[in-house]
2 protein chains.
Amino acid sequence: MINFSVLEVKGRITSKWCDLKMIAELIMVGTELLLGEIVDTNSNYLAEELAAIGVDLFYVTKVGDNQQRIARLIQNAFTRADIVITSGGLGPTSDDLTKEAAAEALGRDLVLCPKALKSIEARFQRMHAAMSQNNKRQAYLPEGSQALHNPKGTAPGVLVETQDGKALIMLPGVPVELKAIMRDSVIPYIANKAAGANGIIFSQILRFYGLGESRLEELIKDLLVTQSNPTIAPYAGSGEVRVRITAKADTQETAESLIAPVEKELLGRIGEYFYGYGEAGMETVVGNLLINKGQTIAVAESCTGGLISNLLTNVPGSSDYYMQGAVTYSNLAKETVLGVDPRLIEDYGAVSEQTAKAMALGVRQWAGTDIGLGITGIAGPGGGTSAKPVGLVYFSLSSSEKEIVDKRVFSGDRLQIKERAALAALDLVRRHLLSLGN
Amino acid sequence: MINFSVLEVKGRITSKWCDLKMIAELIMVGTELLLGEIVDTNSNYLAEELAAIGVDLFYVTKVGDNQQRIARLIQNAFTRADIVITSGGLGPTSDDLTKEAAAEALGRDLVLCPKALKSIEARFQRMHAAMSQNNKRQAYLPEGSQALHNPKGTAPGVLVETQDGKALIMLPGVPVELKAIMRDSVIPYIANKAAGANGIIFSQILRFYGLGESRLEELIKDLLVTQSNPTIAPYAGSGEVRVRITAKADTQETAESLIAPVEKELLGRIGEYFYGYGEAGMETVVGNLLINKGQTIAVAESCTGGLISNLLTNVPGSSDYYMQGAVTYSNLAKETVLGVDPRLIEDYGAVSEQTAKAMALGVRQWAGTDIGLGITGIAGPGGGTSAKPVGLVYFSLSSSEKEIVDKRVFSGDRLQIKERAALAALDLVRRHLLSLGN
């Protein structure tokens, strides 16, 4: 239907843009958002995607499941934006009212969309589940709408074009569904709408681990001040920082040639913290390195309780290099499973450099892998002492050539300490793999 | 200053309310919020606090650092709310424009507030830092304002009362500062404003696993239609559904007596899916049951890759019942670690009822625990066949008295299948524990 090319280079989307900047507005629907029960991450995702294709965003509004209020917001949004995107309120229950509100705002009826109904029915058949009358409601769309295929759920997205060339796009509130429809249908649509485009926006994300956002900003302050094309935007991720370099140009080649010197300058300054490009997280980077270096890994976890294995196995295809893991929470498990000497634990404690080393070696021998990783620490809230406080974590990596041991003290609550320790452990593996010859 | 009591029962907050419900509106200021660089958690915190003191919230808007747009939003908010709270834009730099916008919206001048200036100066003295001219800007407030002490930072909060008895409250965007001013000044102020308060709002959350949101709504539709006091609100969580019952009454006792029959009615209809109250997730419920029944557990995971162990060990104190876990991704690991008979895997496959049972038994014997849990399946995206599709998962629980085995087919992507399988496995453990005598 739409002839639109999306190029993916090092993980970032390149898309058409036009000088006449489009303005978008977001309406996030759901009473739960107004009760503080759910953190709205959808609007951040949408804001980032819109920024990446050069669309301006001036307002984001959260509103409850109230038809009249949603309708008024949609009307108001069209007084100041070209594209209005809603999230949520497309579900099967009676408090899902976004389509009703849209119909009210646009003065149209809700009519049955046979294509949407078919797709919903097919989904229930695949799941061998009975379809309720409520689910049929999800196939009613404002007159003149187009259903946007939802590869991840029941509710289709909805696109309605107004007579003055503006567009209302309704997306489900479930993040994986919203993202899938954005990627497959909405981003291509918006980019195509910016017709007559005679240039592209190209952006590159660099990911860094091990330095904070304010330190990063200090180190590249002069670049941030003088930037114009490309622009440089640092932002904090979970336990890491990212820098997005965005160039506008006539061709991708030109955009890349604008970005290259800036990327080089950045890496010259903070390259030691750089770990990857684009959307690939640390576990993916480590996974790719394991494949490239032909190495296998096994993990013995105490304080991280399975999180590192869980992250590694989140990557499709990880069974090629991840062989097995042990969560040895009790001392007995450390001894019987990993062969950690009980006297070691007695002399130095379960949370010690010595135990971490014995765990790494033990898990490598137990699993017969190239690399063994051992993590032991105190995730809290209990169990800390002044000598060994909550947040103290020992890491060890064992391979046939060498043995590494590292110690860190993390701040935060139990879950944050687990997360930070897991990321640090994966970074240790990454650095080890980089140090290997090919 | 204000005598205000907050009670916590079964995890839910009970607080004062008044019949004349106040309506609040939030305006979150900052261009970074519109670029998706920062997840706005302030509005969630504010929404929760307002809900807890019985103040209604209908709209939350995010807007950039643009004086005119902020001013228009403030004016618009006062057409539909009694209290308008802004977050952000009180800093010392030239793009901090919230007070300027407020002055414009209210038709007042910005004047130097000597009290605010003194407090800023004192802060710089304590920090032994030089105060810039920009920081002095932070002491200029709209005429007739009151500075709200900021114990955590430089920018004071600002309270402006309008002639028709409404209030504009401006808070800094830094979460710790915003929270401190809310707690010390704003919540007492709002609670006091709801003068003549003579009652409480009490709410109870029931959590259900194993039925979808639309099915739940069908089963309790008549209750949802006729509700008034208490109100009943279902909402979907991650892989589960929750129902919040909220009562208004003079005393907590009365509120509880209003909720009790509704809770009983709900449990009479969908009690088989009920698993817990309030904020405690499935892993916490299972953890508490393990403690109560004096049982220990070990987990052998294949497709969930460590997620179940990770969830169980997210609970503080889990080392009392969670002993150890194995992530046996490879067939060899299943055989050598858990003692799964290689012929079993050859005959029935690694993803089979037989292998799941052998894993559960194997991990129980290996760890010497009361319960062994074994999970094997296909998380995808690769590895599926028509006989064994992506999403197929076998679960088994082994104890000295019995052996349970279950089979499910989950939809979703790799991470969703892992999550859904982990939740189903924990529910299997929960049901087994409930079936045990004390």
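**How do we know? Talking through a two-chain model**

Tutor: In this predicted model, the contact takes 56 residues from chain B and 57 residues from chain A. On the side of chain B that touches chain A, the elements giving two or more residues are α2, β4, α8, α11, β16, α12 and α15 of chain B.

Student: What kinds of residues make up the side of chain B that touches chain A?

Tutor: That side divides into 24 nonpolar, 22 polar and 10 charged residues.

Student: What makes β16 of chain A and β16(B) a pair?

Tutor: Two strands count as paired when there are at least two bridges between them. Strand β16 of chain A (residues 322-328) and β16(B) have five bridges, so they qualify, and the sense is antiparallel. To find one place on this pairing, look at A:Gln324, which stands opposite B:Thr328.

Student: Which sense does the pairing of β3 of chain A with β4(A) have, parallel or antiparallel?

Tutor: Parallel, over six bridges. Here A:Ala24 has A:Leu57 as its bridge partner in β4(A).

Student: Why is β4 of chain A described as largely enclosed?

Tutor: Six of the eight residues of that strand (residues 56-63) are buried, so the rest of the structure largely encloses β4 of chain A.

Student: Why is A:Met282 called buried?

Tutor: A residue is buried if 20 or more other C-beta atoms lie within 10 Å of its own. A:Met282 has 23, so it passes the cut-off and is buried. You will find A:Met282 in helix α11 (residues 282-293) of chain A. Leaving aside residues up to four places away in sequence, A:Met282 touches A:Tyr209, A:Tyr275, A:Leu423, A:Leu426, A:Asp427 and A:Arg430.

Student: Why does B:Asp427 count as buried?

Tutor: Use the cut-off of 20 again. B:Asp427 has 21 C-beta neighbours inside 10 Å, so B:Asp427 is buried. This residue sits in helix α15 of chain B, and, not counting residues up to four places away in sequence, it touches B:Tyr209, B:Gly210 and B:Met282. The C-alpha atoms of B:Asp427 and B:Tyr273 are separated by 10.0 Å, although the two are 154 residues apart along the chain.

Student: Which residues have the most contacts inside the largest nonpolar core?

Tutor: They are A:Ala425 and B:Ala425, in a core of 147 residues. Not counting residues up to four places away in sequence, B:Ala425 touches B:Ile308, B:Leu373, B:Ile375 and B:Phe395. There is also a second, separate core of 120 residues, which includes A:Ile70, A:Met182, B:Ala51 and B:Ala139.

Student: How do you know that helix α5 of chain B is close to its expected span?

Tutor: The helix (residues 114-126) has 13 residues and reaches 18 Å from its first C-alpha to its last, and the expected value at 1.5 Å a residue is 18 Å. After α5(B) comes B:His128, whose phi is positive, near 55°.

Student: How many residues does the contact take from domain 2 and from domain 3 of chain A?

Tutor: Chain A is divided into domain 1 (21-193), domain 2 (199-277) and domain 3 (282-435). Five residues of domain 2 and seven residues of domain 3 form the contact. The domain 2 side has two nonpolar, three polar and no charged residues. The C-alpha centres of these two domains lie 32 Å apart.

Key. Residues numbered from 1 in each chain as written. Chains lettered and ligands numbered in written order. Predicted model: local features only at pLDDT ≥ 70, side-chain atom pairs only at ≥ 80, totals over all residues. Contact = placed C-beta atoms within 7 Å. Helix = DSSP H or I, 4+ residues; strand = E, 2+ residues; numbered from the N terminus. Nonpolar A, V, L, I, M, F, W, Y, C, P; charged D, E, K, R; others polar. Buried ≥ 20, exposed ≤ 12 C-beta atoms within 10 Å, placed from the backbone. Core = buried A, V, L, I, M, F, W, Y, C linked by C-beta atoms within 7 Å. Expected span 1.5 Å × (residues − 1). Domains from an automatic or database assignment.
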